[in-house]
Amino acid sequence: MAKASSTVQLLSADGTLQPGVAADEYLPYIDALDDSMLEQFYRDMVVVRRFDVEATNLQRQGQMGLWVPSMGQEAAQVGSGHATRAQDHIFPAYREHSIAIMRGVDAIDIVRMLRGLTHGGWNPAEHGNFHLYTLVIGSQTLHATGYAMGIALDGLSGTGNVEKDEATIVYFGDGASSQGDVSEAFVFAASYQTPQVFFLQNNHWAISVPVSTQSRTPLYLRGTGFGIPSVQVDGNDVLASFAVTRKNLDEARGGAGPRLIEALTYRIGAHTSSDDPTKYRTDAELQSWVKRDPIARYETWLRGRGQSEKFFAEVAAQAEDFAADIRTRTRELGTPPVDNMFDFVYSEPHPVIDLQKKWLAEYEASLGEGGEN
Ligand SMILES: Cc1ncc(C[n+]2csc(CCOP(=O)(O)OP(=O)(O)O)c2C)c(N)n1
Ligand SMILES: [Mg+2]
């Protein structure tokens, strides 16, 4: 999907600060950041990438049924995640691991879910208002819009106090943007002028369907069509992702109505561990995006402004420790009871399910002690 000339970019792919005309209004949001926050962006991106690699390996070792990689999308997620305020409600899709972690979800709870040990994962009220991963594509946009309507009806937005006014932000993909649920969410958001941001991560693929098939117009124009002010941002630029999201969320919480942000990024990994992307995309395309890597670009910029070697070594060590801790704790998790897959299908006993459960029990018994027959 073509990049619009108005795409907001602060950091170019070679790591130099090159704000264009479209970026000028966002610069004050970066100027307001202190060094520790700028360091935190880098730390979070590096740690979540290392976590992602570890989790992918653990899935391959049989420790999880499925893994959903976030590699390549770290800047879109870390930048926008840090742009939220404590009182905001975040409605994720299923690969926003860095935002989950920054809002207080223990990364092992993501692993537990994908191992089949829990059906939800965490209580949003106890984890920074970070709502549950949603695999029914696009449905979380309706949840976020409904929640935002509630915020407005309760008078919890629009007072002009950015530290108190609430808003919602919802993450969804380029593929999701074709779902009817998303159009309905746009309609209600525009009609009721909800305090919310729609954050569309255009990672260029919906499993094997390219975004060029998904839409004949740049995706952010879909929001415009509903009367929602919309902007396209370089999603591999953590500074732009932060600044654009902060500005738009603050406008939304202040009563200006909903906003849509399309972040141009790329899924470097597979759709999930069950997918083989070499079947449908070229290595040349992949490499062209590897060159625009969000972490390398930001690292170059930090080095250019004098960040010490010690800092980068510390972050690398922290990422290794994070991965080692996840590895250890994953191995201690235990296996989900097999009966779970039968017991939670219906609320009452069901003869077909009972038969299947009996068949499996007999089959397992036939395998003998060592699991061989
Ligand atoms: C309603 C619904 N239809 C289809 C699927 C199967 N499915 C899972 S992920 C996916 C693609 C989603 O692509 P996109 O919205 O671009 O998000 P991405 O996975 O690229 O982050 C599909 C079709 C589903 N989970 N839910
Ligand atoms: Mg996608």
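Q: In which helix does Asp44 lie?
A: Asp44 belongs to helix H2, residues 35-60; helices are DSSP runs of H or I with at least four residues, strands are runs of E with at least two, and both are numbered from the N terminus. The model is predicted, with local features needing pLDDT of at least 70 and side-chain atom pairs counting only at pLDDT 80 or more, while totals for chains, interfaces and linings use all residues. Residues are numbered from 1 along each chain as its sequence is written, and chains are lettered from A and ligands numbered from 1 in the order in which they are written.

Q: Why does Asp44 count as buried?
A: A residue is buried if 20 or more other C-beta atoms, placed from the backbone, lie within 10 Å of its own, exposed if 12 or fewer, and partly exposed in between. Asp44 has 22 C-beta neighbours inside 10 Å and therefore counts as buried.

Q: What does Asp44 touch, not counting residues up to four places away in sequence?
A: Asp44 touches Val78, Ser98 and Met102, contact being C-beta atoms, placed from the backbone, within 7 Å.

Q: Which residues of H7 are buried, and what puts them on the same side?
A: The buried residues are Val182, Ala185, Phe186 and Ala189. They cover an arc of only 100° around the axis, so they share one side of H7; the arc is taken over the directions from the helix axis to the C-beta atoms. On the other side of H7, Gly180 and Ser191 are exposed.

Notes. Contact = placed C-beta atoms within 7 Å.
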